[in-house]
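Trainee: Could you take me through one loop of this model up close, and then show me what else is worth looking at from there?

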Amino acid sequence: MITTRRAALASAILLASCAVFAAPKMARKQAAPAGTLPRYGMLVYSDLCVHADSGEFGGQRITLQRFSEVDTVLYEYTAGGLSWPVVASEVTIDPRGKQLYFTVQPPDEEERVISGKLADGGKTLVLDGGYCGDQSVPMRLSLVTDFGRKAGACRACPVPKKKKDMEQEAPEAPESPAPMIEAGKTTTAGL
């Protein structure tokens, strides 16, 4: 009888320990599918760079923090120097985790909505709007994975497509027409 109690107790302890070891694997949530935002955590997308001639920063950085209660965004941009972070309001992320938009109001500026979509398997955030003043070239912010790396050098803005097309289509300046002499009038240049 004592043996069966000990065997039952040992089997109960064994069963309980197996359940304890198996619990974290069962409770572990599956990672977000590639190309989507994870439900929890922090992501940083940035295109910050350093201008070679002035040494000042250029670009912008978006820090997305996802909590169970709320999603928050810190938006930083450059206007000569790197701005103070602007806390966004009305942060909305689609249920699939592929698009987001938020509202910011930088100091001394109008309130604006920034929206974007994930690309390259979630490694790039493509913002709506124009890059370098050209609406046909979207802004692309890369996912930051190495927070210790130095910012790269800024690249010059590409020539806008409209300007390129106009330069290619514009005919060469016509040669000035030969002077016309009206009938009955003659003019001689004084030497």
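Mentor: Happy to! Start at T36, which is placed in the loop between α1 (2-27) and β1; helices (H or I, at least four residues) and strands (E, at least two) are DSSP runs, numbered from the N terminus. Keep in mind that this is a predicted model, where local features need pLDDT of at least 70 and side-chain atom pairs pLDDT 80 or more, while totals for chains, interfaces and linings use all residues. Residues are numbered from 1 along each chain as its sequence is written, and side-chain values use heavy atoms, without hydrogens or water.

T36 counts as buried because its relative accessibility is 14%, where buried means under 20% relative accessible area, exposed over 50% and partly exposed in between, with a 1.4 Å probe and protein chains only. Beyond its neighbours within four places in sequence, T36 is in contact (heavy atoms within 4.5 Å) with R96, G97, K98 and L118.

Now look at R39, which lies over the face of Y40, 5.2 Å from the ring centre. Such a charge has NZ of Lys or CZ of Arg within 6 Å of the ring centre and within 35 degrees of the ring normal.

β1 (41-46) then leads us to the second largest pocket: β1 gives the most to its lining, with three residues. A pocket is an open set of points on a 1 Å grid over the protein atoms alone, where a 1.4 Å probe fits, with protein on both sides within 12 Å along at least five of seven lines; lining residues have an atom within 4 Å of a point. Here 13 residues line the second largest pocket, and S46, L48, R61, V144 and R149 lie nearest its centre. Besides β1, β4 (60-66) gives two or more residues to this lining.

Finally, rings. The structure holds two aromatic pairs; rings of Phe, Tyr and Trp (its six-membered ring) pair if their centres lie within 6.5 Å, and planes under 30 degrees apart count as stacked, over 60 as edge-to-face and the rest as tilted. Y75 and Y77 are stacked, at 5.8 Å centre to centre with 25 degrees between the planes. Y75 and F102 form a tilted pair, at 6.3 Å and 55 degrees. Y75 belongs to strand β5 (residues 71-79) and F102 to strand β9 (residues 99-104), so this pair ties together parts that are 27 residues apart in sequence. Y75 is buried at 3% relative accessible area, Y77 is buried at 12%, and F102 is buried at 1%. Together, Y75, Y77 and F102 form one aromatic cluster.
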